[in-house]
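Below is a short report on a model with two chains. It starts with how the chains meet and then turns to the fold of one of them.

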Number of protein chains: 2
Amino acid sequence: MPQDHCTSCAKPDLAFAAHDHAFCAADALARAHTLMADRGQRLTPVRQRTLEILLESHHALGAYDVLARLAADGFGNQPPVAYRALEFLEEQGLAHRIRRLNAFAACMHPGESHSAAFLICRLCSLISEAPADPVLKALATSAGGFDIETTTIEALGLCPACQGHPR
Amino acid sequence: MPQDHCTSCAKPDLAFAAHDHAFCAADALARAHTLMADRGQRLTPVRQRTLEILLESHHALGAYDVLARLAADGFGNQPPVAYRALEFLEEQGLAHRIRRLNAFAACMHPGESHSAAFLICRLCSLISEAPADPVLKALATSAGGFDIETTTIEALGLCPACQGHPR
DNA sequence: GTCATATATGTAATATTATCACATTACAAG
DNA sequence: CTTGTAATGTGATAATATTACATATATGAC
């Protein structure tokens, strides 16, 4: 029974490693509550539920997948319901948009740096956040006189577990 | 009359600097022809025209913008016409998909590294390719045991020229 | 408490981006 | 020239995202 918990989420490939995900998700949710309280922001029922849905796994979910889940839970079933909640979570750094997949994933270490680098496994679709700071530094240097405000950094490839399997 | 030409395109912010764009575009197109010949790939009329359209400026164009142009030139006017040409160009490294914008831009130094880092000006929408190698190196390091196959690296912000203007 | 305001949600309609399936045409090798 | 492969044309549809506007709910002033 491989167990780990999410204070070690800073490891590059935590999502790919076996860990106690129930704890992982609960921890992220608790941190979200604290953060929102600190910032005077409201983690309303739809928003919280949306975050919980994203936290169920280290996969990205499309807005319409989230919407279906929300609708099943009694919330509205029109696209803006999902998009608004997701947009809020993203603004607050509680979720990230994965542009490569047109999908969204929960942030696994909210409250830390607002930028992130994502590793997306092409086989199992698991998503992990890698340390972004060195990458951002390199990008800033490469950018010369360009003033960077926000970044999208995503890598598609094979996670450690899927590298064994060929194909 | 500020003049520059595209052998100096390796400069991070060439697209943002004044330059002889007619030469810039012609050069990229010529290089594309050479490359395709070398690789035994066919730069057919739709494909070439698509590339020319993208090369008209350092802006990204949506697939439907490209499609409208192609249709006006007598090519088919159904989405696959544009998407197929764009996909081909991307596979060949002659164009890039800018995920942040759901749009496509011509590659300004085809034949070189297949990965790139993009700088997107939020005001003037100009797009520039920055040296990606240092960024890719940093990303590979951050990625630990994850095996990176392809990357999406984009920065949104203000180009040198637009930094003067407030807003 | 209650009122006024700002914030958040519900809903309908529509816009934008992207893919699938299949018929037809052009090309290149033998 | 014929034959197999690659490329294109076309219609239909899927998937993603936004706009506009009505309704409700929370929050702060009084």
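Two residues are in contact if their C-beta atoms, placed from the backbone, lie within 7 Å. By this rule, 100% of the interface residues of chain B are also interface residues in chain A, so the copies meet through the same surface. The model is a predicted one, in which local features need pLDDT of at least 70 and side-chain atom pairs count only at pLDDT 80 or more, while totals for chains, interfaces and linings use all residues. Residues are numbered from 1 along each chain as its sequence is written, and chains are lettered from A and ligands numbered from 1 in the order in which they are written.

**How the copies are related**

**The interface**

In the interface, 34 residues of chain B are in contact with 34 residues of chain A. On the side of chain B that touches chain A, β3 (117–121), α5 (133–142), β5 (147–158) and α6 (160–164) each supply at least two residues. Helices (H or I, at least four residues) and strands (E, at least two) are DSSP runs, numbered from the N terminus. The largest share of this side, 12 residues, comes from β5(B).

The table divides the residues of that side of chain B by kind.

| Kind | Members of the kind | Number on this side |
|---|---|---|
| Nonpolar | Ala, Val, Leu, Ile, Met, Phe, Trp, Tyr, Cys, Pro | 18 residues |
| Polar | the others, Gly among them | 9 residues |

Strand β5 (residues 147–158) of chain A is joined to β5(B) by 11 bridges, and the two strands run antiparallel. Strands pair if DSSP finds at least two bridges between them. A:L156, for example, has B:T150 in β5(B) as its bridge partner.

**The fold of chain A**

Chain A has 6 helices and 5 strands. From the N terminus on, their order is α-α-α-α-β-β-β-β-α-β-α. The C-alpha atoms of chain A fill a box of roughly 45 × 45 × 30 Å, taken along the principal axes. Of the contacts in chain A with a separation of 6 or more, 52% are between residues 24 or more positions apart.
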